[in-house]
Amino acid sequence: MVSTQAATRHQQKVEELCAASIRALCGDADLHFRGQRLFRGRQALPPFAPHLRPSPQTDDFGSFRGAADAVALRLRHSDAGLHRSLCPAEPLPRMLFELLEQFRVEALAPADMPGMVFNLRHRFEQWSLAFHHSGMTETARGILIYTVAQMCRARVTAQPVVEATEDLIEATRMAIAPALGHALVELRRSKDSQPDYAPHALAIAQTVASLLQGVDESGEESKEGADEEVDGKLSRFSLWMDFEADDGDAIATAGAGSKRGLEGSEADYRIFSSAYDSEIRAASKVRPALLREFRERLDQRIAGQGIHVSRLARDLKALLAAPTRDGWEGDQEEGHIDGRLLARLIVSPAERRLFRVERQEPLANYQVSFLIDCSGSMREHIESVAMLVDVFVRALDQVGVASEVLGFTTGAWNGGRARRDWIRAGQTPRPGRLNELCHMVFKDADTTWRSARSDIAALLKADLFREGIDGEAVDWACERMLGRDEDRRILIVVSDGCPTDSATGLANGAQYLDHHLCQVVARREQEGQVAICGVGVGLDLSPYYRHCAALDLSASVTNTVFRDIVAMIASSLRR
């Protein structure tokens, strides 16, 4: 688990660096990575070309830099509307046309930026060698596509083909050169003009597609097992890419890592009935004696961990506090003249302490809210989560930052009364959310940590935990924050998985709540009034939250865990 956390943190750092590089090169401040996918604001950008998706497990940092530079050139030098209007409809010619357009923009890398030229070359070489070493060049289809990619990039960029495979592709290159010759020459000549370049790229894409069809019909790879093996390899190396989505609105699910289309818009999210929704003070559901027992258990756990609350408070103050004017200090030898002290000059002409300076005090005008997933799977982690949140709230209280501790669950399992109403109404298709929400307040922003100590311990009551509808909970928490006067707001969502409500999923589709959560977070981020972070309990939540940390709370909550969360908050404040 430790290695998983380290890998996740490293990947997040790489993505932040690459996103900063892309923003700087193409001048678009809305670009960022989420779930290893590049977004412009709320819109996911298409993958552009197969070699622009390096793997964190197998590729070096240079490959990520090269992919970032290539994407920046694509955004800067390619007209997306014109490109879409010219793209072929068939998947294979479309993939080849995308690849050729990417080679064109990479050829436009400025000569006075040799580092960029090197990065682009390095990334393409690494992808080429991975393609070759996988064995895909041993098939007729694979060697044909590989040879076309090498020939076209070499022609457009005026760089040699990959040396390690030069002899391998020679025979195929000689065989297809007559069919591609004229169009290849024109690619180089017209690389500075996208409209002039496109017809030649289209001609090559269509010609290669015809050649591949001829390979299939010749029966060289007619065996079913061979076809499956080739398709599996091509999929593994991201050659066959799904360009059918209009804007590439795909996002990985946190659980399985699969990519699904982000269907519809937020307006498509519906609520069958909100009549049974509730907002409660969580401590009211726990007997006072049991609440005291929970608090004692939590205090013993915190005392045994050796957590430095004062150090955490100092770190938070350094991060959140900003110098704020807090009156004047007089009797200074420099600064602004204090008119009230000028009379001293008559009594003592040598007097120099006639000035005053503004007094600056570090104040943190922030609100930090913790929104805790109270679904059934969180029960095994909740003691660690309660300790984590309790220590954070205590430290924030010392700094003078307002904080809230909120939770979300459902009022029943499997839909409850809302689902029964739906069944009585005839089970209309796609009814929307089919459960009764239960939003819980463990501590509000106006209550100090000392006054809320007992209420926070209500997190340990296991029977509060049912199912989770995350998107509406994030909206609810944001609205509570926006109703206050603080200048800056941070929402930290603590969860161990995807949104889960069995009744809603069965009636609307398994990804219904996932899509809504993505849409809510994207909208709130675009509004810019609340910085949203995700703390994944044993899980990477990056498909949902741009700023996130994956933590292992199964053993203990150490000072390192708190430092990771402070670092995550710091990254969310850099805009």
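Asp475 is buried, with a relative accessible area of 19%, where buried denotes under 20% relative accessible area, exposed over 50% and partly exposed in between (1.4 Å probe, protein chains only). The structure is a predicted model, in which local features need pLDDT of at least 70, side-chain atom pairs count only at pLDDT 80 or more, and totals for chains, interfaces and linings use all residues. Residues are numbered from 1 along each chain as its sequence is written, and side-chain values use heavy atoms, with hydrogens and water left out.

Asp475 forms a salt bridge with Arg523, and the closest N and O atoms of the two are 2.7 Å apart. A salt bridge is taken as a side-chain nitrogen of Lys or Arg within 4 Å of a carboxyl oxygen of Asp or Glu. This pair links distant parts of the chain, with Asp475 in helix 16 (residues 470–482) and Arg523 in helix 18 (residues 512–527), 48 residues apart. Helices (H or I, at least four residues) and strands (E, at least two) are DSSP runs, numbered from the N terminus. Arg523 counts as buried because its relative accessible area is 18%.

Glu479 is partly exposed, with a relative accessible area of 45%, whereas Arg524 is buried, with a value of 5%. Asp475, Glu479, Arg523, Arg524 and Glu527 are linked in a network of salt bridges. A search of the whole structure finds 30 salt bridges.

Another salt bridge lies within a single helix. The side chains of Arg121 and Glu125 meet at 2.8 Å, N to O. Both residues belong to helix 5 (residues 114–133), where they are 4 residues apart, about one turn of the helix. Arg121 has a relative accessible area of 14% and is therefore buried. Glu125, with a relative accessible area of 25%, is partly exposed.

Two residues with positive phi were examined in loops. Phe48 has a positive phi of about 70 degrees although it is not a glycine. Phe48 is found in the loop between strand 3 (43–44) and helix 2 (61–77), and its relative accessibility of 9% places it among buried residues. Ala158, also not a glycine, has a positive phi of about 60 degrees. The loop that holds Ala158 runs between helix 6 (140–157) and helix 7 (166–189). At 54% relative accessibility, Ala158 counts as exposed.

A further loop residue, Ile307, is placed between helix 10 (288–305) and helix 11 (309–320). Ile307 counts as buried because its relative accessibility is 14%. Ile307 touches Val391, Val557, Asn559 and Phe562, when residues up to four places away in sequence are not counted; contact means heavy atoms within 4.5 Å. Ile307 and Val391 are 84 residues apart in sequence, and their C-alpha atoms are 8.3 Å apart in space.

Grid points are joined across faces, edges and corners, and a volume is the space filled by probe spheres set on the points. By this rule there are 2 cavities of 30 Å³ or more. The second largest cavity holds about 40 Å³ of space. Its lining consists of Leu25, Ala72, Leu73, Arg76, Pro110 and Met116. Helix 2 supplies the largest share of the lining of this second largest cavity, 3 residues. By class, the lining has 5 nonpolar, no polar and 1 charged residues, with Ala, Val, Leu, Ile, Met, Phe, Trp, Tyr, Cys and Pro counted as nonpolar, Asp, Glu, Lys and Arg as charged, and the others, Gly among them, as polar.

For the protein chain as a whole, the secondary structure comes to 19 helices and 15 strands. Buried residues make up 52% of the 575 residues in the protein chain. Of the contacts in the chain with a separation of 6 or more, 76% are accounted for by residues 24 or more positions apart. The protein chain exposes about 26100 Å², of which carbon and sulfur atoms supply 49%. Accessible areas come from the Shrake-Rupley method with a 1.4 Å probe, and for residues only the protein chains shown count as cover.

How values were computed. 1 Å grid on protein atoms, 1.4 Å probe; cavity = no way out; pocket = protein on both sides within 12 Å on 5 of 7 lines; lining within 4 Å.
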